[in-house]
Amino acid sequence: MATETTEAVGTCVDAGGSALGMPQLCADWMPNQIFWLVVTLIAIYFVMSRIALPRIGAVLAERSGTITNDIAAAEELKNKAAEAEAAYEKALVDARAEAAKIVAEAKAEIQAELDVELQKADAEIAAKTAESEAAIAEIRDGAVKSVTQVARDTAKELVAAMGGAADAKTITAAVNARMKG
C-alpha cells in the first residue's frame, strides 16, 4: 500500500481513478477544464447575444418610447392647461368688467329713480309747506281776530267794572291802537 501512495503523489488520480485533493488545481486536468470553460463562455455569449440581450434591448426601447410619449403628452397637457388658465383669466376679467358695467348701470338707474323720487318728495313737501303756511296764516288770522275779540270783551268788562260806560266804537278803537303797537 505504501507503494500505491507513493505512485499517486505525482499524479492527481489514485489507482482507482478517483481524484486526490482538489481536481481544479490538478495540472493534469487543466487543459480539459480550459476547453470546457471556453465552450461554456461561447455558449453563454451566444445565448446572451441572440436571446437575452435582444429582449432586454426591446424592453429598453419600449420603455424609452413610452417615456418619450409620456413626456410629449405631458407637454401637450401642460400647454392645454396654460391655455385653459389664460382663457379662465380672460373670462374672469371679462366677467369683472361686465359686473362693473352692470353695477354702474344699476347705480345710474337707482340714482335716476332717486332723483325722480326726491323731486316728487320735494314737490310734496313744498305743497304741504304751502298748505301748512296757509293753515298757519289762517290760524294766525283767527287767533288775531279771537285775541281782538277777547281784548274788546275784556276792555268792555274792565270799563264796566270800574264804573264807566264806553261804547263799542271807542273800545274797538282803543284795542286796535294798542294792537298796532
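## E117 and its salt bridge

In this predicted model, E117 is partly exposed, with a relative accessible area of 46%. Its partner is K120: the two form a salt bridge whose closest N and O atoms are 3.8 Å apart. K120 is partly exposed as well, at 46%. Both residues sit in helix α2, three residues apart, which is about one turn of the helix.

## Other salt bridges along the helix

The count comes to three salt bridges. In another of them, the side chains of E76 and K80 meet at 3.5 Å, N to O. These two lie four residues apart in helix α2, about one turn. E76 is partly exposed at 46% relative accessibility, and K80 is partly exposed at 47%.

D94 and K90 also meet in a salt bridge, with 3.0 Å from N to O. They too are four residues apart in helix α2. Here D94 counts as partly exposed at 40%, whereas K90 counts as exposed because its 55% relative accessibility is over 50%.

## A negative patch

Where on the surface does negative charge gather? Look at E98, E105, E109 and E113, which make up a patch of negative charge. One of these, E113, is placed in helix α2 (residues 30-161) and is partly exposed at 47% relative accessibility.

## Aromatic pairs

There are two aromatic pairs. F35 and W36 form an edge-to-face pair, 5.1 Å centre to centre with 75 degrees between the planes. F35 is partly exposed, at 46%.

Y45 and F46 are edge-to-face too, with ring centres 5.7 Å apart and planes at 70 degrees. Y45 counts as exposed at 53%, while F46 is partly exposed at 41%.

Note on methods:
Residues are numbered from 1 along each chain as its sequence is written. This is a predicted model: local features need pLDDT of at least 70, side-chain atom pairs count only at pLDDT 80 or more; totals for chains, interfaces and linings use all residues. Side-chain values use heavy atoms; hydrogens and water are left out. Patches are made of residues with over 30% relative accessible area and no salt bridge: like charges are joined within 9 Å, nonpolar side chains (Val, Leu, Ile, Met, Phe, Trp, Tyr) within 5 Å. Accessible areas come from the Shrake-Rupley method with a 1.4 Å probe; for residues, only the protein chains shown count as cover. A salt bridge is a side-chain nitrogen of Lys or Arg within 4 Å of a carboxyl oxygen of Asp or Glu. Lys and Arg count as positive and Asp and Glu as negative; His and the chain ends are not counted. The place of a charge is taken as NZ of Lys, CZ of Arg, CG of Asp or CD of Glu. Buried means under 20% relative accessible area, exposed over 50%, partly exposed in between (1.4 Å probe, protein chains only). Rings of Phe, Tyr and Trp (its six-membered ring) pair if their centres lie within 6.5 Å; planes under 30 degrees apart count as stacked, over 60 as edge-to-face and the rest as tilted.
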